[in-house]
Amino acid sequence: MIVILKNGATDEQIDHVIRRVEAIGLQSHLSRGTFRTIIGLIGDESLVNKESLSTLPGVAQVIPVLPPYKLASREAHPESSVIDVSGVKIGGGNLGMIAGPCSVEDRDRMMRIAESVCQSGANVFRGGAYKPRTSPYAFQGLGEEGLKILREVGDRFGMPVVTEVTDPRNVELVSQYADMLQVGARNMQNFVLLTEVGKSRRPVLLKRGMSATIADLLMSAEYILSEGNSNVVLCERGVKGFDPATRNLFDVAAVPVVQGLTHLPIIVDPSHATGRPDLIPPCALAGLAAGADGVHIEVHDCPEEAKSDGPQALLPEQYKQISHQMRLMADLLGKTISPLAKDAGGPTPPQPPTEALA
């Protein structure tokens, strides 16, 4: 259930509503948005007397929310969220262009790749310092050393950086270096991890699990939101299919479906979805045409030497070409590729979103 407050509701009135809600045994989740302030009620809603709450000073409306993902639902927040990643906005017509190698490797290589994708128009640099791999013998990432390299690269080119966090015990450490935390497909339902990244207040890139339904994805986002972190960007990266022609099945229809259900932005990852460089450009454009709020593409300057997922990475020249096409597509759709912040230089302290819950 959602309590929508009147314009001009005082802090005293808001506190009174929260005390009343918590007195009957429910949790409250306060969101101050650009256009309205709301209080989400979490718990057994049979305890709530809707009419009684409606009479409280400062309350404009009390709305029952039917989906189980109450905080993520569009019924709760009709306006689309805009997530700020150290100055780069994603959502609400602003496109996030995330690019970089699968894994953080040596410093010089990361510098070369970052310079290339930055010049081509990417606005967020990615690279994994911790890598969950199917085989225990495969490259697992450089750990904190990789985080340091990633941060140095981000600072050098003024780009926010996103990297995957795989262990709840590492959330605080990764948050010291990264502007955005990625929860990968294999960890989408690692609820302990979701809870910890929710507490971090860092923007979160939440990837859809390989066998997850859209409802599963939104319920995982709900874990993060319920901890008070509204800075969540969803990612469609393909689901398991029966046809081995592609690495996964790129569910492009998930983009408009998700946007009809939630206020959270959603981007697409054609690299993991297809696993084939020749399919990445058309699928990236298809994702934007379907309404995606950005595109995540893996780029490596020598895929044959990559420590992980080299075969699905684009070369820098290929990324430059598709980046140009995506910019033309953005212009056609009336959207903007969010520019880099002029004062970028290290992750900003976690802050509540100013536009995320309108």
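Predicted model: local features only at pLDDT ≥ 70, side-chain atom pairs only at ≥ 80, totals over all residues.

Student: Fine. How is the protein divided into domains?

Tutor: There is domain 1, residues 2–63, and domain 2, residues 83–344.

Student: And how far apart do their C-alpha centres lie?

Tutor: The centres of domain 1 and domain 2 are 35 Å apart.

Student: What does UniProt place at residues 87–327?

Tutor: The unreviewed UniProt entry has "domain: DAHP synthetase I/KDSA" there.

Student: On to packing. At what angle do α3 and α4 pack?

Tutor: About 35°, with 10 Å between the axes. Helix α3 covers residues 107–120 and helix α4 covers 144–157.

Student: Is the crossing of α3 and α4 left-handed or right-handed?

Tutor: Right-handed.

Student: Which residues of α3 and α4 meet?

Tutor: From α3, Arg-107, Met-110, Met-111, Ala-114, Glu-115 and Cys-118. They meet Ile-149, Glu-152, Val-153, Arg-156 and Phe-157 of α4. By type, the contact has seven nonpolar residues, four charged and no polar.

Student: Now α6 and α7. How do their axes cross?

Tutor: At roughly 40°, coming within 7 Å. Here α6 is residues 191–200 and α7 is residues 214–226. The two helices are therefore oblique to each other. Their crossing is right-handed.

Student: Which residues meet in the contact of α6 with α7?

Tutor: Phe-191, Leu-194, Thr-195, Val-197 and Gly-198 come from α6. The α7 side supplies Ser-220, Tyr-223 and Ile-224.

Student: How many of the residues in that α6 and α7 contact are charged?

Tutor: None are charged; five are nonpolar and three polar.

How values were computed: Residues numbered from 1 in each chain as written. Heavy atoms only, no water. Axes fitted to C-alpha atoms, helices over the stretch in contact; angles between N-to-C directions. Helix = DSSP H or I, 4+ residues; strand = E, 2+ residues; numbered from the N terminus. Parallel < 35°, antiparallel > 145°, perpendicular 65-115°, else oblique. Left-handed = near helix turned anticlockwise from the far one by under 90°. Contact = heavy atoms within 4.5 Å. Nonpolar A, V, L, I, M, F, W, Y, C, P; charged D, E, K, R; others polar. UniProt positions renumbered as here; feature names shortened; annotations may be inferred. Domains from an automatic or database assignment.
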